[in-house]
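Visitor: I would like to go through the contacts in this model. Please show it first.

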Amino acid sequence: MPAPIRLRELIRTIRTARTQAEEREMIQKECAAIRSSFREEDNTYRCRNVAKLLYMHMLGYPAHFGQLECLKLIASQKFTDKRIGYLGAMLLLDERQDVHLLMTNCIKNDLNHSTQYVQGLALCTLGCMGSSEMCRDLAGEVEKLLKTSNSYLRKKAALCAVHVIRKVPELMEMFLPATKNLLNEKNHGVLHTSVVLLTEMCERSPDMLAHFRKVRQLSSSQLVPQLVRILKNLIMSGYSPEHDVSGISDPFLQVRILRLLRILGRNDDDSSEAMNDILAQVATNTETSKNVGNAILYETVLTIMDIKSESGLRVLAINILGRFLLNNDKNIRYVALTSLLKTVQTDHNAVQRHRSTIVDCLKDLDVSIKRRAMELSFALVNGNNVRGMMKELLYFLDSCEPEFKADCASGIFLAAEKYAPSKRWHIDTIMRVLTTAGSYVRDDAVPNLIQLITNSVEMHAYTVQRLYKAILGDYSQQPLVQVASWCIGEYGDLLVSGQCEEEEPIQVTEDEVLDILESVLISNMSASVTRGYALTAIMKLSTRFTCTVNRIKKVVSIYGSSIDVELQQRAVEYNALFKKYDHMRPALLERMPVMEKVTTNGPTEIVQTNGETEPAVLETKPPPSELQPASQEDDLLDLLGGTDITPVIPTAPTRKPASPGGELLDLLGDLNLTGSPVPAPAPQIAQPPFLLDGLTSPPLFNDVAAGIPSITAYNKNGLKIDFTFERSNTNPSVTVITIQASNSTELDMTDFVFQAAVPKTFQLQLLSPSSSVIPAFNSGTITQVIKVLNPQKQQLRMRIKLTYNHKGSAMQDLAEVNNFPPQSWQ
Amino acid sequence: MRFMLLFSRQGKLRLQKWYLATADKDKKKMVRELMQVVLARKPKMCSFLEWRDLKVVYKRYASLYFCCAIEGQDNELITLELIHRYVELLDKYFGSVCELDIIFNFEKAYFILDEFVMGGEIQDTSKKSVLKAIEQADLLQE
């Protein structure tokens with residue numbers, strides 16, 4: 001058999017292939033030759049063959065049949081074989097194949113080899129792709145090499161240890177002793193890898209972190225001062241050709257040290273103080289003309305912002321970022337914007353100073369920079385700069401790439417809502433967004449906008465006029481058309497009567513308005529939802545317009561046979577309104593009332609006002625309530641005979657085991673538990689669901705205004721407790737009661753504790769109260785939330801117990817609450 | 001660093017070094033995807049981009065793209081320096097390195113990289129030291 005061709009020969013040959021098919025043929029031929037060579041167990045050419053295989057593998061061809069051969073090469077005595085063998089192992093093997101475990105013994109032997117370059121190969125392979133099993137087996141060897149005086153091996157052992165720790169975190173402890181004098185080395189390789197090892201340990205284990213922050217027992221030096229010293233030497237020392245990069249001494253090491261300092265200084269005052277000076281020094285003395293210097297400054301800024309640095313240092317850091325923003329190098333600008341985005345919440349004022357530079361970045365050519373500039377701009381909008389910022393952002397919306405438009409539009413709406421200087425400005429801004437980026441506006445913006453418009457009562461005429469003009473020319477942008485249709489339907493009468501005050505009123509006839517709405521209905525560009533809006537709008541106009549009611553009737557009847565089911569249903573129902581229910585039509589199609597603002601975060605707000613989600617508030621919860629359940633629970637139990645009581649502590653309600661018999665029921669037995677005829681709920685205006693289109697998506701909790709009346713549950717001795725109710729639409733068995741306790745006497749009531757008990761079929765959860773002091777003269781209240789689960793929809797009853805201190809004496813009272821309105825539990 | 005790729009303008013892979021165990025299939029997919037993204041970038045754009053949950057730092061040297069995927073807390077600017085240092089090492093070793101050198105001597109490119117970076121982190125910050133180690137190891141080759 002002729003000798004297998006050399007690697008370079010093969011590469012040259014394959015590169016001459018003119019087509020993919022030709023290449024494949026050559027590869028297949030060579031693979032066959034290699035396979036038979038492997039079968040012959042040829043030691044001489046194994047290395048060459050595996051090398052060729054690795055090349056073909058890089059081209060994308062399968063090479064798994066070479067895996068075992070790599071192991072044989074590793075086991076060989078020749079250095080060339082080992083080199084290729086280990087490379088092959090790293091490229092072809094991974095921990096998914098059981099084969100890799102066969103390497104373990106070879107690596108172990110090579111870790112103890114007499115030649116350091118062989119040891120190096122073994123360490124490198126283990127450190128790059130060692131599996132957890134291998135790491136466990138060989139950690140001891142690595143640890144040994146970590147203590148050697150050979151810096152070539154020591155640096156490699158350190159990084160190998162990092163990999164071992166990442167794979168098997170429990171082994172971290174065993175490397176701890178070896179780290180003791182790692183930083184005493186002069187060799188930069190060892191220093192760099194040691195810092196990496198220490199960083200890994202500190203990041204992974206809070207115990208390690210605490211250990212490294214403290215004074216170490218054996219050596220008298222702490223880690224932070226040691227690092228500071230090394231860093232100082234790097235900065236102050238003269239030119240060192242070996243580690244110099246553009247005039248800076250070992251920037252890689254400087255950056256790693258700064259990163260380790262960040263971890264050590266985070267949330268630790270002492271460490272932060274110890275590194276204050278060096279950070280200031282690095283920040284002011286580093287050359288900024290080249291990327292290297294800026295890399296170090298960048299890391300310094302990250303560290304300053306993350307530790308407990310003094311304010312002067314923080315301002316320095318933000319100013320560095322501000323300078324970065326003006327740098328010609330776009331990479332530096334990108335990095336600056338990213339960092340500013342991270343700090344804008346904590347150091348808002350400092351970042352505000354660079355606002356104009358940030359806004360300029362909106363015009364940058366790079367997409368990533370633009371995106372960051374946009375995010376940062378939104379973060380910087382406040383009441384003072386909103387007009388100017390909006391101008392820039394609207395201009396940006398106009399000219400930016402489509403992928404930004406949705407986010408930008410949403411951001412503008414949010415900012416406008418928060419900081420609008422006037423209603424007119426707000427409406428104008430919305431109009432501008434709708435007309436500029438109308439098709440990119442998110443779907444949920446439409447109901448929000450409609451609510452906003454409804455609530456700006458004095459702007460109705462102006463708004464509808466502007467919207468009418470906007471869709472007159474172009475009705476392809478769906479969100480715009482939807483909002484416009486809704487408004488025209490609502491305020492069409494204002495439109496035709498020319499009542500606009502803000503600008504020149506236009507002359508529009510009823511027919512012209514119907515023309516545009518019908519065009520929307522007919523147009524191919526209109527989405528089904530949009531058509532729905534248009535049809536409803538036309539219908540509403542039947543009560544607002546005087547001359548064109550017949551036309552409206554005709555349109556509505558046509559769509560009674562529309563293919564679109566949604567449209568058809570609407571049309572049929574509207575038809576019915578015209579025919580059978582004409583007497584109800586005016587009432588049904590009345591002008592929308594001003595809507596209660598329901599934030600989309602409704603439910604969570606209820607929870608948050610009582611601090612349940614905030615651990616900090618739990619800590620400040622008045623201590624007495626923690627002690628009370630122990631004794632007072634028993635009292636309540638005695639009085640009420642074993643009800644399910646939830647303790648005041650706002651954790652998951654602990655349910656007492658159900659008491660035998662129905663003692664509570666007996667106590668409350670004189671009350672009428674079984675249904676006395678419940679008064680029919682007040683007839684709500686039967687608004688068919690489709691007329692609610694365009695309002696905010698159904699809130700999860702009904703508004704208080706929507707009609708569960710609140711009650712006064714207790715009113716004695718100057719202490720008044722009111723209950724207000726909310727029901728969950730998604731879970732009808734849950735009632736949320738918010739209690740408000742007020743004090744009309746002339747002295748405060750302190751240590752106030754509210755406890756409640758309900759019958760067994762209910763479940764109760766008490767969240768933590770807003771405070772334990774009710775100030776005098778009704779000048780403040782305590783709020784507390786109770787959640788009641790009532791799966792059997794039984795009539796709600798409650799016994800409450802109140803304890804507080806007043807006028808120097810302890811007060812206590814029990815009461816029953818049985819005036820719960822039916823809507824709160826039915 | 002999670003991985004480093006070297007590829008040509010035509011999308012031919014010249015070197016791939018992975019520092020996190022990944023299945024072969026996934027590697028192929030990621031390489032294809034990332035090459036597409038990087039090759040689509042215009043010259044005026046910055047050297048950083050977000051890709052999946054990683055940050056990608058890339059730089060073009062003549063006909064070769066050097067591409068590193070780093071994690072959230074890694075420093076992008078110093079990664080650029082890392083790439084530059086690797087190119088300098090190759091340059092010193094091959095004497096004015098060009099793409100052909102890396103094609104025909106890919107195993108040496110790997111050896112040099114493995115002497116400079118291990119497990120995604122730099123082993124030695126001294127150019128001289130790395131080159132000397134490679135030199136000595138080459139002498140051991142039979």
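Visitor: Which residue of chain A forms a salt bridge with B:Glu121?
Guide: This is a predicted model. A salt bridge requires a side-chain nitrogen of Lys or Arg within 4 Å of a carboxyl oxygen of Asp or Glu. For B:Glu121 the closest N and O atoms of the pair are 2.6 Å apart, and the partner is A:Arg256.

Visitor: How many salt bridges are there between chain B and chain A?
Guide: Side chains of opposite charge can pair when their charged atoms come close. Over all chains, the count is 51 salt bridges. Between chain B and chain A, the count is eight.

Visitor: B:Glu115 forms a salt bridge with A:Lys156; which helix of chain A holds A:Lys156?
Guide: The closest N and O atoms of B:Glu115 and A:Lys156 are 2.9 Å apart. The pair crosses between chains, with B:Glu115 in helix α4 of chain B. A:Lys156 lies in residues 151-167 of chain A, which form helix α9.

Visitor: What area do chain B and chain A bury between them?
Guide: The size of an interface is often given as the accessible area lost when the parts come together. Here 60 residues of chain B are in contact with 67 residues of chain A. Carbon and sulfur atoms account for 57% of the buried area, and the total is about 5,800 Å².

Visitor: Which element gives the most to the side of chain B that touches chain A?
Guide: There are 24 residue pairs in polar contact between chain B and chain A, both residues being at pLDDT 80 or more. Elements that each supply at least two residues of this side of chain B include α1 (24-39), α2 (76-94) and α5 (127-140). With nine residues, the one that gives the most is α5(B).

Visitor: At what angle do helices α17 and α18 of chain A cross?
Guide: Two packed helices are described by the angle between their axes and the distance between the axes. The crossing of α17(A) past α18(A) is left-handed. Their axes come within 8 Å and cross at roughly 145°.

Notes. Residues numbered from 1 in each chain as written. Chains lettered and ligands numbered in written order. Predicted model: local features only at pLDDT ≥ 70, side-chain atom pairs only at ≥ 80, totals over all residues. Heavy atoms only, no water. Contact = heavy atoms within 4.5 Å. Buried area = accessible area lost by both parts, 1.4 Å probe. Polar contact = N/O pair within 3.5 Å; in protein donor to acceptor, adjacent residues only side chain to side chain. Helix = DSSP H or I, 4+ residues; strand = E, 2+ residues; numbered from the N terminus. Axes fitted to C-alpha atoms, helices over the stretch in contact; angles between N-to-C directions. Left-handed = near helix turned anticlockwise from the far one by under 90°.
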